[in-house]
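Subject: Structure handover

Hello,

I am passing this structure on to you.

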Amino acid sequence: MTEKVTKKTKDFRKYPDSILKLPKTMKIGGINYEIKYPHTFLETRGITGLHEGFFAVMKISTVDDNGNPSPVLRILDTWLHEMCHAIDFVCLGNHIGDNLPEDDYEKYIDTFAAAWLQVFRDNKLNLKSWDMPNTIRIMGFDYEVFFPHVFQDSLSEVAYSLNNPQLRMYIAGQSEGHKYPLDVVKCSLVCLITKAIIDVYIRSDFEFNIRALGCAFYQVFKDNDVEGVIRKALMLDGKG
């Protein structure tokens, strides 16, 4: 099959940043990060992205080892990868990185980045609105979302629950007659997706703090409109 090369495709191959616009700054927890993109790495081959926590900087390249323009999906994956490093560093006190061998840590970060890219590509989370998806696709699994769900009396304080064998996500809409705010509801959704990603993609015995990690993902994704950036880039690249 011959690839159809349009003028936009040709332009992107020379100048990927002409289509993929990343924010110049990002709020990670209470830290404002500078996003250096497109960044040219001169010192080390094999690096397409870099997180420098103590300088609050993420560096993202648009080319591979050989100087060839990287596809939009690869750049988005790198951006999410460095974002995950920043989340662990700022929001979790580097808990994941400090408790895993470096190779395992990078594999987990790789997996989180690729998994979230897939989630954003295949779903509309609409984190800033009350619109709730009926299903969430994670890898090849379609999870049914039940919202608002009423838990039994013994679980009245529970805001969300995941049933992996049945591919179901339950999210409460209220507790003791009081409606949950939008942030609580959508954060619950992100926490459920985080748990499902760990169960489906990672399958590790490492004890993740799902609530802390999910809430950190939610803050970063919502405050920086990560879904909007990814969706716009894929649409312009013809993959949305």
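This is a predicted model: local features need pLDDT of at least 70, side-chain atom pairs count only at pLDDT 80 or more; totals for chains, interfaces and linings use all residues.

Helix H4 runs over residues 102–122. With 21 residues at 1.5 Å each, H4 should span 30 Å, and its end C-alpha atoms are 30 Å apart, so the two agree. Its buried residues include Tyr105, Tyr108, Ile109, Phe112 and Trp116. The buried residues of H4 pack against helices H2, H3, H5, H6 and H7 and against strand E5.

H4 packs on helix H7 (residues 226–236) at an angle of about 70°, and the axes are 10 Å apart. H4 is therefore roughly perpendicular to H7. On the H4 side the contact is made by Leu117, Phe120 and Arg121, and on the H7 side by Val226, Glu227, Ile230, Arg231 and Leu234. Sorted by class, this contact has five nonpolar, three charged and no polar residues.

There are six salt bridges in the structure. Three of them are described here:

- Asp183 pairs with Lys222, with the closest N and O atoms 2.7 Å apart. Asp183 is in helix H5 and Lys222 in helix H6, so this pair ties together parts that are 39 residues apart in sequence.
- Lys195 and Asp199 form a salt bridge at 2.6 Å, N to O. They are four residues apart in helix H5, which means a separation of about one helical turn. Lys195 is partly exposed at 30% relative accessibility, and Asp199 is partly exposed at 24%.
- Asp142 forms a salt bridge with Arg137, the closest N and O atoms being 2.7 Å apart. Asp142 is partly exposed at 38%, and Arg137 is partly exposed at 34%.

Regards

Conventions:
Residues are numbered from 1 along each chain as its sequence is written. Side-chain values use heavy atoms; hydrogens and water are left out. Axes are lines fitted to C-alpha atoms, for helices over the stretch in contact, and angles run from 0 to 180 degrees between N-to-C directions. Helices (H or I, at least four residues) and strands (E, at least two) are DSSP runs, numbered from the N terminus. Angles under 35 degrees count as roughly parallel, over 145 as roughly antiparallel, 65 to 115 as roughly perpendicular and the rest as oblique. Contact means heavy atoms within 4.5 Å. Ala, Val, Leu, Ile, Met, Phe, Trp, Tyr, Cys and Pro count as nonpolar, Asp, Glu, Lys and Arg as charged, and the others, Gly among them, as polar. The expected span of a helix is 1.5 Å times one less than its number of residues. Buried means under 20% relative accessible area, exposed over 50%, partly exposed in between (1.4 Å probe, protein chains only). A salt bridge is a side-chain nitrogen of Lys or Arg within 4 Å of a carboxyl oxygen of Asp or Glu.
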